Each structure stands twice: as C-alpha cells, then as structure tokens.
Amino acid sequence: MLEDMRLFATIVEQTSLNKAAERLNLSQPALSRRLARLEAELEVDLFRRVGKRLELTAAGQVTYEFALELRRFHGSYLQKLNAYKSSEAHIATIGASLTTLQTTLPDLVRTMTEKHPHLEIKAVTGKSHEIAELVKERKVDFGIVASSVIDDPAITSVPLFDDHLILVLPRNHIILERTHIEMADLQNLPMILFSPGTWYRTLTDELLKKYNLKPDVRMEIDSFEAIIRLLSACRAGSLLPRSYLREQVLLDNDLYLPRIKELEETKRTTFLIHGDPAWIAPSTRFLIEETTAYFNREAARYKES
C-alpha cells in the first residue's frame, strides 16, 4: 500500500501519466497497470480525463490526502527509527554527475576515507536530474551536482562552491607571447573540448555562440585527464572547469591559465542535494555535514591562494 500511494501521489503531482512515469523511471503502460490495480482494489475511480490531463475525482482527492498523511507518518517513523541506528557509516553511496565525478569526487573520497578507514564509498553517475531522482528514491545517500537549484520540494540543495570556465594553454603556446589575451583570440584557436552532454560543454557552446567565435576544434574527448595530457602534444588550448585545474595538475603538465574576464562570468554552482531530512540516518547526516565542511575549507583555501 505504501508504494502504491507513493506512485499515486506522483501521478497527482505531475498531472500526467507520461511525466509521472518518467519521474518514477517506469514505463507508461506499467504505471497505468499499477494505477488500474489500485483503483480495482479500492473499487473507485481516482481520476477523470480532461483532454490530455488527469483530474482527481472526489474519491481521488480523499485518497491523495491519505497518501500525503501516509508520507508524513512514514517520514516520522523513519526519523524515530534513526535514533536507534549507529552514527558511524560503513557504506555511503554518492550520486554524481560526470563532471563532478572527474573534478570533485576524487579529492573528497580520498579525504573521507583517510578520516574514516572503514568507510566504503560507492558512486553512481548520471545527469543532474537523474541524480535528483535517485536521491528522492533513496537509492543514493546524497548527490553532488553542478546545476541550478533543483526546484523540487522533496529535495534540499546545499551550495558547495562556485565554478567557472577557464582557458588552459601549454606554457610554450605561441599565443602567450601576447601581452593580453581576450575572447576574440579564441577565433580559429586549435582546441580540444569535452564531448557534448555535460553542463560545461553546453556552457562552452553557448559562450562561443554569444561571441560569434569558431575555434578550430581538433578533438572532443570525455576525459579531463586525456585532454590535459594532449594539450602540449597538439599545441592546443581548452576550456575547462576551474575546479579541476589544481596547482599540481598545472605543474605536472606545464600548463598556464591566462585570465579572460568574460570567462569568469560563466559561473556555475555545485550543490549537495539530499532528500527529506526526516528520512536521513544519523550516519548519513554526519557525512553530509562533513562533506559540506570539507568544501567550505576548500573554498576558503582557494580564496587565500
């Protein structure tokens, strides 16, 4: 009954079987069958169709109110149950976008496992909206995504840090002989870009379109490390997230970051997202607090440098 009420409430809130099925990661026919089975069990019609929309019947309204109460009582029960659970986590599952996986997660995982040697961290990757769904369905403990605030009352978004694009060049690149580099210098510049699909590649494309620039794109690769290693060999530049370009990475690959003011305006915030606090175990809440504190320290260190 609890799962049926969760599905029913999602249909009500999405006002569409197709949208609800997408949100629940079910096929539309499968969701229709679940709804039909619930109506047969309750012996009432819960919806009436108005064009392509679904509207609640009077019985459906009563059932939706019950579903909300059930959700609230279930959350209260889990919160009380958490008091009996250990505050020491042994396994943490983190959802992360691809960009986050390559730029942010490695240092975080290293720091957390050094502090908690018995902690096993698992990662699930996906696009930001997919990670949000995993958080809602409690298939991950929390998510880290580079995105705008997720507009969903069931999800809490905690800002971790701001990021922006930055031009990366081999230190011996001929363009660095100029005393000043500006956006116009990206025209026809040999470049290696990340493959389409990430937030910052979309941001890159929008930026180039805004300034009517067409660089000479030599490669499109879905690995930050591969891009970094190929820049000198290809005598090319790239636009990468500032968060990835730590001092040691620049030193190891003999790279330079010329400042272009317009690129600093491509700000994007990375958020930690989690579900209803009432459903979060003390061990997970502790890890969320530690993760937030870690990024606060990193942000302070970055400002000082």
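Student: What makes up the lining of the largest pocket, in terms of helices?
Tutor: Helix 1, helix 2, helix 4 (58-82), helix 7 (128-136) and helix 11 (282-304) each supply at least two residues of that lining. Helix 1 gives the largest share, eight residues. This is a predicted model, where local features need pLDDT of at least 70 and side-chain atom pairs count only at pLDDT 80 or more, while totals for chains, interfaces and linings use all residues. Residues are numbered from 1 along each chain as its sequence is written, and side-chain values use heavy atoms, leaving out hydrogens and water.

Student: What makes something a pocket, and what a cavity?
Tutor: Picture a 1 Å grid over the protein atoms alone: a cavity is a set of points where a 1.4 Å probe fits but cannot get out, and a pocket is an open set with protein on both sides within 12 Å along at least five of seven lines. Lining residues have an atom within 4 Å of a point. The largest pocket has a volume of about 1,000 Å³. Of its 37 lining residues, the closest to the centre are Lys136, Glu137, Arg138, Ala154 and Trp279.

Student: And how many cavities of 30 Å³ or more are there?
Tutor: Four. The largest cavity has a volume of about 50 Å³, and its lining is Asp4, Leu7, Phe8, Ile11, Leu31, Arg34, Leu35 and Leu38.

Student: Why is Arg138 called partly exposed?
Tutor: Buried means under 20% relative accessible area, exposed means over 50%, and partly exposed is in between (1.4 Å probe, protein chains only). Arginine 138 has 44%, so it is partly exposed. It sits in the loop between helix 7 and strand 5 (142-146), and its phi is positive, near 60°, though it isn't glycine.

Student: How do you know that Arg235 is exposed?
Tutor: Its relative accessible area is 67%, which is over 50%, so arginine 235 counts as exposed. Arginine 235 is in the loop between helix 9 and strand 10 (238-241), and it too isn't a glycine, yet has a positive phi of about 50°.

Student: Why do you say the buried residues of helix 2 line one face?
Tutor: The buried ones in helix 2 (residues 17-24) are Leu17, Ala20, Ala21 and Leu24. Seen down the helix axis, they fall within an arc of 100°, so they line one face; the arc is that of the directions from the axis to the C-beta atoms. On the other side, Asn18 and Glu22 are exposed.

Student: Which residues of the largest nonpolar core touch the most other members?
Tutor: Val168, Tyr200, Ile227, Leu240 and Leu245, out of 21 residues. The largest share of this core, four residues, comes from helix 9. A nonpolar core is a set of buried Ala, Val, Leu, Ile, Met, Phe, Trp, Tyr and Cys residues joined through side-chain atoms within 4.5 Å.

Note on methods
Points joined across faces, edges and corners; volume = space filled by probe spheres on them.
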